[in-house]
Amino acid sequence: ATITCSSGYTANGATQIITCQATATWSSVSCPAVDCMALVVANAVSAAPNTRYPSVGTVTCNPGYTANGASSNVSCLPSGKWENFTCAPVDCGKSLRVTQGSPAFSGSTTVNSTANVTCNQGYTDNGASQMIRCQVNSMWSSVTCRAVNCGTLRVPEATVVTSSGTRYPTYAMVNCSAGYTANGGSLTSRCQTSGTWETVTCAPVNCGTLRVAGATVVTSGGTRHPSYALVNCRTGYTANGVSLTSRCQTSGTWETVTCA
């Protein structure tokens with residue numbers, strides 16, 4: 001007689017024929033379960049205490065890898081092979097958004113892949129490298145594009161008030177001291193993308209040429225505050241004050257001196 005083993009089972013010999021023996025019993029044959037052998041899955045830790053059909057093993061993907069199915073159980077099939085189970089690298093994708101920066105992906109976005117982040121003008125990365133890496137949690141490593149810092153603005157002969165710190169694109173109000181005036185139409189200085197403040201200087205006010213009737217005038221160092229001038233009354237005239245000097249004042253006018 002011929003014995004056909006059920007699916008998942010196989011005869012233990014080369015023939016599946018049994019013979020009626022003199023003892024009036026059939027010769028023995030067994031159909032043991034097929035053996036799927038050791039359960040091995042790349043990039044994973046697997047366990048299968050029993051490797052014969054219809055045993056079930058378990059698979060845990062290594063960090064940075066994810067299973068191709070919802071279950072971590074793997075069955076030994078009637079074919080003598082384990083169910084197909086793969087652990088694929090996690091993928092961080094290309095949906096990364098960087099505030100004030102732009103990521104550039106040159107190739108793969110799976111675990112351990114890298115990308116570069118270029119910060120916008122006026123912003124700088126938070127370390128020596130702008131490289132980011134796809135991590136095992138399927139998230140890109142963090143990078144921050146911080147506004148460049150222009151530092152403390154110092155303007156000689158002025159007081160400076162910043163609006164909101166010293167980082168781009170903040171601005172500062174420059175108030176020239178008495179006797180000085182801004183050299184431009186604006187009294188503000190903006191922190192620029194280069195990390196430097198716009199140039200603002202406070203120049204001494206100019207009192208212009210001093211003219212005194214009945215006198216000759218000699219200025220000591222120009223006509224700007226706080227220069228002074230020597231007033232020499234001509235013959236027949238005398239100064240109306242004790243001093244024969246006139247100083248360029250903070251108002252931009254000379255002190256009054258007359259020769260009567």
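Trainee: In which sense do strand β11 and strand β12 pair, and over how many bridges?

Mentor: First, a word on the source: this is a predicted model, where local features need pLDDT of at least 70, side-chain atom pairs count only at pLDDT 80 or more, and totals for chains, interfaces and linings use all residues. Residues are numbered from 1 along each chain as its sequence is written, and side-chain values use heavy atoms, with hydrogens and water left out. Strands here are DSSP runs of E with at least two residues, numbered from the N terminus, and two of them pair if DSSP finds at least two bridges between them. β11 covers residues 158-162 and β12 covers residues 171-176, and they pair in the antiparallel sense over 5 bridges.

Trainee: Which strands form the open sheet that has β12 in it, and in what order?

Mentor: β12 also pairs with β14 (residues 188-190), in the antiparallel sense over 3 bridges. β11 and β14 each have a single partner strand, so they stand at the edges. That makes 3 strands in the order β11-β12-β14.

Trainee: Is Thr188 buried or exposed, or something in between?

Mentor: Thr188 sits in strand β14. Leaving out residues up to four places away in sequence, Thr188 touches Tyr171, Ala172, Met173, Glu198 and Val200, where contact means heavy atoms within 4.5 Å. Buried means under 20% relative accessible area, exposed over 50%, and partly exposed in between (1.4 Å probe, protein chains only). Thr188 has a relative accessible area of 29%, so the word is partly exposed.

Trainee: How many disulfides does a search of the whole structure find?

Mentor: A disulfide is a pair of cysteine sulfur atoms within 2.5 Å. One of them joins Cys150 to Cys191, with S to S at 2.0 Å. The search of the whole structure finds 9.

Trainee: Is the link of Cys233 and Cys259 left-handed or right-handed?

Mentor: The Cys233 to Cys259 disulfide has an S to S distance of 1.9 Å. Cys233 lies in strand β17 (residues 228-233) and Cys259 in the segment after β18, 26 residues apart. With -80 degrees about the S-S bond, the link is left-handed.

Trainee: What is the relative accessible area of Cys248?

Mentor: Cys248 is joined to Cys207 by a disulfide. Cys207 is buried, with a relative accessible area of 12%. Cys248 is buried too, and its value is 0%.

Key
Helix = DSSP H or I, 4+ residues; strand = E, 2+ residues; numbered from the N terminus.
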